[in-house]
Amino acid sequence: MSTRAAAPRATAPAPAHATHRTAGRLLLLLLVAVAAALFALTIGAAGLPPAEVLRAFTGNADATTRTIVLELRLPRIALAFIAGGGLALAGAVFQAVLRNPLAEPYVLGVAGGAAVGAVAAVVFGLAAVPGLVQIAALAGAVGAMLLVLRIALRVGRALDTRVLLLAGVVVGAFFNAVILLLLMMADVESFRSAVFWMMGSVAGASWRTTALLTVYVVPSVLVLLALARPLNLLAIGEETALFLGARVERVKLLAYLIASLLVAAAVAACGVIGFIGLIVPHALRLAWGSDHRLLLPASLLGGGTFLLLADTAARSIAAPAELPVGVITALVGVPIFVLLLRRSPAP
Amino acid sequence: MSRSARELVFAAEGVTFRYAHGDRNAVDGVDLHVHESEIVALLGPNGSGKSTLLRLLVGALRPDSGAVALWSRPLREWKREAVARRVGVVAQLEELAFPLTTREMVAMGRYPHLGAWRREGAADAAAIDRAMQRCGISELARRSVLELSGGERQRVRVARALAQEPRALLLDEPTASLDIAHEMSLFELLAELRADGVTVVVVTHNINVAARYADRLVLLHRGRTAATGTPADVLTRATVEEVYDWPVMIRTEDGAPQIIPRRASGAHQGERRRT
């Protein structure tokens, strides 16, 4: 049979090379992440020398140093990394599911829902209760997710991603109006804290928040990484993906729900930190292509590192004052992105 | 070997399908039986239900009534991966959301064999390389699919279906954007595949090429089967003129009937030919 007779040609890269290249790139990102975390540990308002920071780990430092390093900086670094990674991963997944390179984690209304929850908690004077703002934000985010999904599923039996996108955008706009209404009713103090919440920050990091987020993020990440191949197929079209054996409806629904929950958790913990979920996956696509088997874990590592470094800048540039981290992610991220865009052939 | 002795690959019994806002059934009570290593061409005017029938055969659409079976097993009992391991589809429209290289695109044909986690092994790489070679696109391996011409892109998609190593191939107007040489070489490839035991169902508007390569033609008209059988049975002047609502002449070349549509004013053209 002639199909079996032809010998493989040498022009195409052998799959082993591709696998090694993927592993190499991920290892590189991991090393950069570790280096960034170590660097961030030594930076801060207290001006601790690196040797002193090291001693905090070995137990030879004084109590203040130990508190600063182990209870303030370390959880904050961990939270920034997890939240940034989760947002970038969710952004990459949304771009694939919606087949739209402009999609980002907040495009489907999840952030709007979270903000309504958080702002309502602040405005109605419930912010003093520990953890309540986060719970309200999480409830708002999950509510928004379910609302958008319900609208999208109502229109047809199958999940039409164009309807999903439209539903997300209009629900987001509706929530924005609700937020403005809530802010109108707020006094100056709650107005201020509501606006600060919406800017996003990892300053409130504690080991408890970080641990909660980790428990939540790890399984979500595993599920999303397992969807990498079907998401590759979705990029060439839903019908083609079906013809190639993907269970398209299940993949879309699962990817949408898990990515939304990931965003909900990140927003509840840190507020609405912008640009990471759009720019990080995009920059990685431009640099390394759109194979989601590489793109998804790379977005996780890259997004984590990016937010971690942005937060380090936010807390040290004008120390002891803090800049909103969302401002840094945009101010630094956008020029880097433009540079990448100009260097690459048109997508 | 007689047709009935060979395995039944696709069996559609009285399938009917209407689109949500359609004013008539797109496919209306069609029976279709396709046997192993047969080339069957679905012909018919625009909107006659060819593409819809193709989608029904592979389960991209569910019939409102009637039943479809693959290898004598009802379609609903098949898992998507299992269908994709046996049936390759080259559909009409496809829009890439993100850039991919030619090889990456063809490699997607291995998905039904690999699932979510399994690594691409030597057998997969060999299948991909073989498919690219058969479609004459090995040299394009590292090029972005978005940079390719329409014809090259079409061959990439055929190669992707071949990388599935399917036992049956469904193609929806696969030569719509191809020049004569590429169209003919694609049909030559289909004939080769048929000799290897692959079953082929192809939707096409090129009646003459279909008549030369297909074992059987199915002529659809407003969702129904107008005629079915060998090219000589189906392509009679009366049938073709009725279905396409246009005057034609029929010649026989290479033993196959060939259609020549007449100019609207037959007399005028007749005069011209005489000169």
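Modeller: Let us begin with a hairpin. β9(B) and β10(B) form a hairpin, with two residues between them. B:Arg222 sits in the turn and has a positive phi of about 50°. This is a predicted model: local features need pLDDT of at least 70, side-chain atom pairs count only at pLDDT 80 or more, and totals for chains, interfaces and linings use all residues. Residues are numbered from 1 along each chain as its sequence is written, while chains are lettered from A and ligands numbered from 1 in the order in which they are written.

Colleague: What makes residues 216–221 of chain B a strand?

Modeller: A strand is a DSSP run of E, at least two residues, and a helix is a run of H or I, at least four, both numbered from the N terminus. Residues 216–221 of chain B are such a run, called β9. Its partner β10 covers residues 224–229 of chain B.

Colleague: How do you know that β9(B) and β10(B) pair?

Modeller: Pairing needs at least two bridges found by DSSP. These strands share five, in the antiparallel sense, so they pair. B:His221, for one, stands opposite B:Arg224.

Colleague: In what order do the four strands of the open sheet in chain B run?

Modeller: The order is β2-β1-β4-β5, with antiparallel pairing.

Colleague: Which are the edge strands there, and what makes them edges?

Modeller: They are β2 (27–35) and β5 (73–74) of chain B, each pairing on one side only.

Colleague: Why is β7(B) called mostly covered?

Modeller: Buried means 20 or more other C-beta atoms within 10 Å of the residue's own, exposed means 12 or fewer, and partly exposed is in between; the C-beta atoms are placed from the backbone. In β7 (residues 168–172) of chain B, four of the five residues are buried. β7(B) also has neighbours. Four bridges join it to β6 (residues 87–90) of chain B, and the two run parallel. There B:Val87 faces B:Ala168. Five bridges join β7(B) to β8 (residues 199–203) of chain B, again parallel. B:Leu171 is paired with B:Val202 in β8(B).

Colleague: What makes the unit of β7(B), α7(B) and β8(B) right-handed?

Modeller: Point the strands away from you: the path from the first strand over the helix to the second must run clockwise. β7(B), α7 (residues 180–195) of chain B and β8(B) make a right-handed β-α-β unit.

Colleague: Is B:Glu173 buried or exposed?

Modeller: B:Glu173 has 20 C-beta neighbours inside 10 Å, so it counts as buried. Its place is the loop between β7 and α7 of chain B. B:Glu173 has a positive phi of about 45° although it is not a glycine.

Colleague: And why is B:Ser37 called partly exposed?

Modeller: B:Ser37 has 19 other C-beta atoms within 10 Å, so it falls in the middle class. It lies in the loop between β2 and β3 (39–43) of chain B. B:Ser37 is not a glycine either, yet its phi is positive, about 45°.

Colleague: What puts B:Ala97 in contact with chain A?

Modeller: Contact means C-beta atoms, placed from the backbone, within 7 Å. Leaving aside neighbours within four places in sequence, B:Ala97 is in contact with A:Arg99 and A:Ala235. B:Ala97 lies in the loop between β6 and α3 (102–107) of chain B. With 18 other C-beta atoms within 10 Å, it is partly exposed.

Colleague: How many residues does each chain give to the contact between chains A and B?

Modeller: Chain A gives 33 and chain B gives 36. The largest share of the chain A side, five residues, comes from α10(A). That side divides into 17 nonpolar, nine polar and seven charged residues. Nonpolar covers Ala, Val, Leu, Ile, Met, Phe, Trp, Tyr, Cys and Pro; charged covers Asp, Glu, Lys and Arg; the others, Gly among them, are polar.

Notes. Two residues are in contact if their C-beta atoms, placed from the backbone, lie within 7 Å.
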